[in-house]
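Good morning, colleagues. Please have the sequence and the model open as I speak. I shall go through loops, a helix, the cores and the pockets in turn.

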Amino acid sequence: VLLLQPFVTDEGIAGREARQICGRVNVPRYLSRLHPGAVVYTVRPGDNMARIAAQQKCPQDVIMLLNGIVEPSSLRIGQKIVVVPMRLRVEIRPQQREISVWDEQQLVADYPILNMDEIPAAQRKNEVTSVAAREGYIDGLAVLPRSPQYAASERVLVLANGIVIAGEKNGHGASVLRMEQKDVNELSLMLGLGNEVKIIYAHR
């Protein structure tokens with residue numbers, strides 16, 4: 001990853017391959033208790049999973065994964081949990097059919113866009129938006145994020161500008177970016193509501 005780092009911002013084939021290799025190495029590290037930035041947090045009175053996630057800058061799904069928690073309401077005062085603070089942002093390059101995740105200047109992951117619905121011409125511009133909603137589906141039926149089944153659901157991300165990131169079976173709207181469902185699930189795992197998303201059509 002260190003050797004490939006100088007190439008991850010390249011626009012050509014070498015850059016894309018460097019991003020894909022770095023992502024395959026980085027994602028398991030980011031979603032591990034062995035992450036160098038991991039810290040132990042002690043649950044205090046009045047804490048709940050959403051509050052801890054916001055305070056510690058660690059997505060709720062990641063906290064649950066790192067600590068083997070299935071039911072978010074099962075936290076106990078004094079319980080020690082591992083959190084990994086993340087300051088992640090997403091870059092979507094529709095013309096290159098690519099979505100990448102960054103932690104400041106460090107590339108975390110890179111995913112291919114398999115296909116996409118036609119994005120209206122008025123929307124084809126550089127802009128900054130954010131994650132507005134995270135949805136889950138099992139056999140095409142919506143699953144609430146607080147439900148125990150949510151962890152096993154197929155995820156869909158809805159951006160504040162109306163663009164939807166989904167697998168092949170779920171997600172509807174005027175502008176849908178289709179990815180492998182496993183990639184959408186992984187991306188959704190790392191992102192929370194409000195995470196910054198940059199859509200890049202051309203570098204200024």
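**Loops, core and pockets**

I begin with D139, which is found in the loop between β7 and β8 (141-143); helices (H or I, at least four residues) and strands (E, at least two) are DSSP runs, numbered from the N terminus. This is a predicted model, in which local features need pLDDT of at least 70 and side-chain atom pairs count only at pLDDT 80 or more, while totals for chains, interfaces and linings use all residues. Residues are numbered from 1 along each chain as its sequence is written, and side-chain values use heavy atoms, with hydrogens and water left out.

The phi of D139 is near 55°, a positive value in a residue other than glycine. At 75% relative accessibility, D139 counts as exposed; the classes are buried under 20% relative accessible area, exposed over 50% and partly exposed in between, with a 1.4 Å probe and protein chains only. Another non-glycine residue with positive phi is R97, again near 55°. R97 sits in the loop between β3 (88-93) and β4 (98-103), and its 34% relative accessibility makes it partly exposed.

Next, helix α3. Which part of this helix is buried? Of the 8 residues in α3 (residues 60-67), 6 are buried, namely D61, V62, I63, M64, L66 and N67. They pack against α2 (49-56), β2 (80-83), β7 (127-138), β9 (154-159) and α4 (181-190), where contact means heavy atoms within 4.5 Å. Q60, also in α3, is partly exposed, with a relative accessible area of 24%. Leaving aside neighbours within four places in sequence, Q60 is in contact with M49, A50, A53 and P72. The C-alpha atoms of Q60 and A50 are 6.4 Å apart, although the two residues are 10 apart in sequence. After α3 comes G68, with a positive phi near 65°.

I turn to the interior. In soluble globular proteins, nonpolar side chains tend to be buried together. A nonpolar core is here a set of buried Ala, Val, Leu, Ile, Met, Phe, Trp, Tyr and Cys residues joined through side-chain atoms within 4.5 Å. The largest one has 45 residues, and those touching the most other members are I81, I92, I99, V101, I165, L187 and M190. Apart from it lies another core of 6 residues, among them Y137, V156, V158 and V176.

Finally, the pockets. A pocket is defined on a 1 Å grid over the protein atoms alone, as an open set of points where a 1.4 Å probe fits, with protein on both sides within 12 Å along at least five of seven lines; lining residues have an atom within 4 Å of a point. The largest pocket holds about 1100 Å³ of space, the volume being that filled by probe spheres set on the points, which are joined across faces, edges and corners. Its lining has 41 residues, and P59, Q60, D61, M64 and R134 lie nearest its centre. The elements giving two or more residues to this lining are α2, α3, β7 and α4.

How large is the second largest pocket? Its volume is about 170 Å³. Among its lining residues are Q20, R24, Y111, K182 and E186. α1 (13-30), β5 (106-112) and α4 each supply at least two lining residues, and α1 gives the most, with 5.
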